[in-house]
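Please take a moment with the sequence and the structure shown here before reading on.

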Amino acid sequence: MSINDEKVKLPINANPIVVHEPRFSQGGQADYYSFARDTMQNGTAEATIYNSKKLEDVVHEMGLKIKQHEENIKFLKTQKNGLDNSILDMQVALGKYQTESESGPENEELSHVLSEQETIEQILRYEKSAAGIWCQLKTRHGTQASHLPLTKDVLGIVAMLGKVDDDNLSRLLSDYLGLETMLAIVCKTYDGIKALETYNKEGYINKTSGLHGLGSSIGRSLDGRFLVICLENLRPYGGEFIADEPQRRLNILKPRLPNGESPPGFLGFAVNMVNIDSVNLYCATSSGYGLRETLFYNLFSRLHVYRTRADMLQALPCIRDGAISLDGGIIKHNNVFALGNREVDLKFPKSFAKSNLPQDYFEIERQIKEMKWKKERTVEDMQREQALLDHARFNFGIKKQEYLKFLAQNSSYTRQLQAGGERLTLIS
């Protein structure tokens, strides 16, 4: 029996009913148009509208996130440009000070350069040490070496990161730390340490990469162990600094004997007797700490410096973190005495005091260092925002295509329902 032999009777003004299965015609075929129409009448249209609105809201929200990341990047770029301009202005001001001070004591500056060169030559004598290989790289390639992936996180060698006014005191401090510590490499982060030495799957050192590979490339195989200090993992000094002091010396309480008096012959704390270049005095770490309150405070802690051994021994009741005397006495932690003659080849360079420069010079140097640190943080924030923006744009593209596909499919589906309804109307 054909569908033309019997008309399909449709209910008029009937209330919507829930239909779970499609109807079948007398020929046993499913009446899909009636089923689709009834399904639309029972909530599919509402679900389609709901899902469409939900997808539209998601796409809109993702678009707002993209706009927010773009505005953040724009703000950070403006901030970075402002810091660049301020740094440039201050560098110009420093240049004027330097020009005005060129008539100062040239012999003193020459002595400073020679003292640094002497320390470098002493390090290079340990040609198969990590410090010797690193100094060899710096000597050959200069500032370009700082941009290499292997060394860009390296701040320097302990022996080169501080200067001391007096040669005798310099040798004493070097003797107290020991050669291994004086030759230690200082990195800003743990990632820098991982770059210096890599390992294969069996856990053995990879001799073709890191400092080992660098040493082999210049004919200086790295032998034995070496120390590397990670600044970001050091616990910094938590106290105050001496007010209005250009070198940011630590404001540590002076020692007192049991009777309340200061020990005779006490000259100060070793951590404050090391002079630090302005570039490392502030913001040597990503957290904004300088070398004095991180590296040198961890190396020396509250090490006392006395005039003589006799003064040092008299002050034993108030010595907790060791002491040295200018005539060669050394007390390590826990009252361990170092006796015998000292043999010190490697020492800190002699400091160069810019006595002919005004106080503003050091303040401007400090501000430049702080602004460069802020600029580095701003650039890092820009890189993070750019990564978030790229990710948001990628997800937005996927969700937009999903939304457009949904609209296209439902538009086709609606047209099919309309066409089916019209056909059924004509048949009826």
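Predicted model: local features only at pLDDT ≥ 70, side-chain atom pairs only at ≥ 80, totals over all residues.

What follows goes through an annotated segment, a sheet and a single glutamine in turn.

In an unreviewed UniProt entry, the feature "coiled-coil region" is placed at residues 59-86.

An open sheet of 3 strands is arranged in the order β1-β2-β3, and its pairing is mixed. Because β1 (154-157) and β3 stand at the edges with a single partner strand each, one side of each is left without a neighbour in the sheet. From one strand to the next, the twist averages 25 degrees. Strand β2, residues 185-187, runs antiparallel to β1 and is joined to β1 by 3 bridges, and within this pairing Gly156 stands opposite Val186 in β2.

The last stop lies in the loop between β3 (228-230) and β4 (266-269), which is where Gln247 is found. Is Gln247 buried or exposed? Its relative accessibility is 16%, and because buried means under 20%, Gln247 counts as buried. When neighbours within four places in sequence are left aside, Gln247 is in contact with Val274, Asn275, Ile276, Leu281 and Arg292. With Arg292, the side chain of Gln247 also forms a polar contact, side chain to side chain, of 2.6 Å.

Conventions: Residues numbered from 1 in each chain as written. Heavy atoms only, no water. Helix = DSSP H or I, 4+ residues; strand = E, 2+ residues; numbered from the N terminus. Buried < 20%, exposed > 50% of the residue type's maximum accessible area, 1.4 Å probe, protein only. Polar contact = N/O pair within 3.5 Å; in protein donor to acceptor, adjacent residues only side chain to side chain. Contact = heavy atoms within 4.5 Å. UniProt positions renumbered as here; feature names shortened; annotations may be inferred. Pairing = 2+ DSSP bridges. Axes fitted to C-alpha atoms, helices over the stretch in contact; angles between N-to-C directions.
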